[in-house]
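Trainee: I am new to this structure and would like a close look at a single part of it. Please take the disulfide and then the aromatic pairs around it in your account.

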Amino acid sequence: MNTIAAAAVAATTFTVAFTASPGAASAADTLKVRYDLYTRGVRAFALNYTADINQNSFNASAKLRPKGLASLFIDLKMDMVSSGALTRKGARSDSFTMNVTEKGRKGRYAVSFDGLQPVSTKRKPAVNGDTEAKIQTASAAGARDTLASIMDIAVTPAKNPCDASYRIYNGKEVFKLALQKIKDDTFGKKDGGVYRGPAIVCSMTYSTLAGLSARTEAKYRKNPPVFRVWFAPVRSKALGRDMNVLVAVTGKLKGKDFVAYANRATLSGRPLNSKSLAKR
């Protein structure tokens with residue numbers, strides 16, 4: 001997987017049809033999580049994720065940066081911001097921006113949505129006409145932005161948050177993430193990250209649909225990248241029930257095994273539950 005696409009998926013994997021409890025109309029939550037990504041035992045990236053959530057809307061942001069020795073060899077920065085509505089049909093994008101810097105080259109992508117339909121895109125650098133046509137066709141089938149997809153998983157009430165498939169459009173690429181439950185799990189004191197308690201383990205398969213080179217797309221279609229993700233049930237005052245928070249991810253980036261944990265996580269200033277830490 002190329003670096004930008006891989007980082008976008010990792011960011012995606014990192015971080016509504018509901019009936020709220022009585023008296024929760026004015027409630028709101030702020031989720032803050034820092035995911036640290038390790039490869040060969042060394043921290044290579046940190047992704048800081050923040051989401052403000054109430055019954056009707058959300059605002060989310062994510063910032064990815066190389067850390068430690070990786071910052072000496074990897075020139076990659078990514079910033080994403082998303083806002084949208086929470087409806088009986090789930091999270092819907094309103095606007096999304098993504099800024100990427102890699103090897104001195106800068107890209108900026110801004111997308112406006114009407115429900116699940118992208119209605120306008122501004123991007124730098126521009127793409128050729130054939131690529132643009134493929135992106136428009138693939139996104140016209142309905143899509144959310146990267147962070148809105150994570151939000152939809154978080155706020156949709158389900159015992160199995162991985163019973164889902166998402167078509168995602170980030171202004172540069174259209175891709176699909178297909179999730180499937182593997183098993184129930186538990187995070188204890190010996191596990192990585194700050195979360196402690198029950199979790200659901202799921203596989204997440206990445207499939208490119210449009211926006212990459214023909215050679216790269218053919219490569220991924222032959223061997224689709226597969227990640228393993230853990231979601232934890234965390235009680236939300238804004239929703240009046242549990243929300244699904246991403247707490248760990250494993251997989252490969254550019255052929256190298258990685259693991260990412262939520263090493264800092266709070267919901268409205270408190271640990272995710274009474275057994276969890278706020279940071280480590």
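Mentor: Start with a term: a residue is buried when its relative accessible area is under 20%, exposed when it is over 50%, and partly exposed in between, using a 1.4 Å probe and protein chains only. This is a predicted model, in which local features need pLDDT of at least 70 and side-chain atom pairs count only at pLDDT 80 or more, while totals for chains, interfaces and linings use all residues. Residues are numbered from 1 along each chain as its sequence is written, and side-chain values use heavy atoms, with hydrogens and water left out.

The structure holds one disulfide, the term for a pair of cysteine sulfur atoms within 2.5 Å. Its partners are Cys-162 and Cys-202, with an S to S distance of 1.6 Å. The pair links distant parts of the chain, 40 residues apart: Cys-162 is in the loop between helix 4 (146–155) and strand 8 (164–169), and Cys-202 is in strand 10. Helices (H or I, at least four residues) and strands (E, at least two) are DSSP runs, numbered from the N terminus. The torsion about the S-S bond of Cys-162 and Cys-202 is about 85°, so this disulfide is right-handed. Cys-162 counts as buried because its relative accessible area is 1%; Cys-202 is buried because its value is 0%.

Now the aromatic pairs, of which the whole structure has five. Rings of Phe, Tyr and Trp (its six-membered ring) pair if their centres lie within 6.5 Å; planes under 30 degrees apart are stacked, over 60 edge-to-face, and the rest tilted. One of the pairs is Tyr-206 with Tyr-220, edge-to-face, at 5.8 Å centre to centre and 80° between the planes. Tyr-206 lies in strand 10 (residues 197–210) and Tyr-220 in helix 5 (residues 214–222), so the pair ties together parts 14 residues apart in sequence. Both Tyr-206 and Tyr-220 are buried.

Another pair is Phe-227 with Phe-258, which is tilted, at 6.1 Å centre to centre and 55° between the planes. Since Phe-227 is in strand 11 (residues 226–236) and Phe-258 in strand 13 (residues 256–267), this pair ties together parts 31 residues apart in sequence. Phe-258 is buried because its relative accessibility is 5%, and Phe-227 is buried because its relative accessible area is 2%.

Finally, Tyr-206 and Tyr-220 belong with Phe-175 to one aromatic cluster.
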